[in-house]
Amino acid sequence: MSENELLDGKSMDRTLKRIAHEILERNKTTQDLVLVGIKTRGEFLAKRLQVKIQEIEGECVPVEILDITFYRDDLTKKSQDPEVKTVHWSADLRDKKVVVVDDVLYTGRTVRAAMDAILDSSRPSQIQLAVMVDRGHREIPIRADFVGKNIPTSKSERVHVKLSEVDTTDQVVVQS
């Protein structure tokens, strides 16, 4: 299996800075803005975006962590009697501009599950999506508002966003 590096750590940092600027430009202010990182890598990307936004605006945007496991549409494949747990937020998402953050946008099913989880427990004014990589091959009509890098791939390839918090290095690679 060959591995091709698309972004190194420095490139990822610049990309996150650009996404932070785009989020601020689109939303005009940090007021009522909440970042929601999808576990696992989306969580750390959201925290990094929080730091970038604070460096730019001098204000700390709240970050929530979302585990979408119980909202996946393939949950019944894992168990005949899955238990769906309600999501609890430390901040109130009602009437907030929520930016869902994830590492790779592929079929759209993870993002759909994240939106289900958010809307099941709250009513934000908007839900936006920020991803490090959009690799195409959507099965559900979802698009990202903020994209680090568009990478056309084949279905047989795998895209990995590696983060130092989880993988000891920062890079985006495609395995074929």
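**Entry 1**

I began with the charges: the protein has 28 positive and 30 negative ones, and their mean positions lie 3 Å apart. I note at the outset that I am working with a predicted model.

I then looked up the overall dimensions. The C-alpha trace spans about 45 × 45 × 30 Å along its principal axes. For 176 residues, a compact globule would have a radius of gyration near 16 Å, and the protein has 16 Å, so the value agrees with that expectation.

I next recorded the surface. Of the 176 residues, 46% count as buried.

I also looked up how far apart in sequence the contacting residues are. Among contacts with a separation of 6 or more, 71% join residues 24 or more positions apart.

**Entry 1: order of the elements**

I counted five helices and eight strands in the secondary structure. Read from the N terminus, the order is β-α-β-α-β-α-β-α-β-β-β-α-β.

**Entry 2: helix α2**

Which residues of α2 are buried? I listed G42, E43, F44, L45, A46, R48, L49, Q50, K52 and I53. To read such a list, I kept a general rule in mind: an α-helix has 3.6 residues a turn, so residues three or four places apart point the same way.

I then asked what covers the buried residues of α2. The cover includes the helices α1 (9-27) and α5 (164-167). It also includes the strands β2 (33-38), β3 (63-66), β4 (97-105) and β5 (126-134).

I looked at both sides of this helix as well. T40 lies in the loop between β2 and α2, and the peptide bond from K39 to T40 is cis, with omega near 5 degrees. After α2 comes G58, with a positive phi near 75 degrees.

**Entry 3: D102 in strand β4**

I placed D102 in strand β4. Is D102 buried or exposed? Its relative accessibility is 6%, and because buried means under 20%, D102 counts as buried.

I looked up the contacts of D102, leaving aside neighbours within four places in sequence. They are I38, G42, L45, T110, A130, V131 and M132.

H137 has a phi near 70 degrees and is found in the loop between β5 and β6 (146-150). With a relative accessible area of 27%, H137 is partly exposed.

Where is T168 found? I located T168 in the loop between α5 and β8 (171-175). T168 is not a glycine, yet its phi is positive, near 70 degrees. The relative accessibility of T168 is 73%, and because exposed means over 50%, T168 counts as exposed.

Note on methods. Residues numbered from 1 in each chain as written. Predicted model: local features only at pLDDT ≥ 70, side-chain atom pairs only at ≥ 80, totals over all residues. Heavy atoms only, no water. Buried < 20%, exposed > 50% of the residue type's maximum accessible area, 1.4 Å probe, protein only. Helix = DSSP H or I, 4+ residues; strand = E, 2+ residues; numbered from the N terminus. Contact = heavy atoms within 4.5 Å. Rg over C-alpha atoms; globule rule 2.2 N^0.38 Å. Lys, Arg positive; Asp, Glu negative; His and termini not counted. Charge placed at Lys NZ, Arg CZ, Asp CG, Glu CD.
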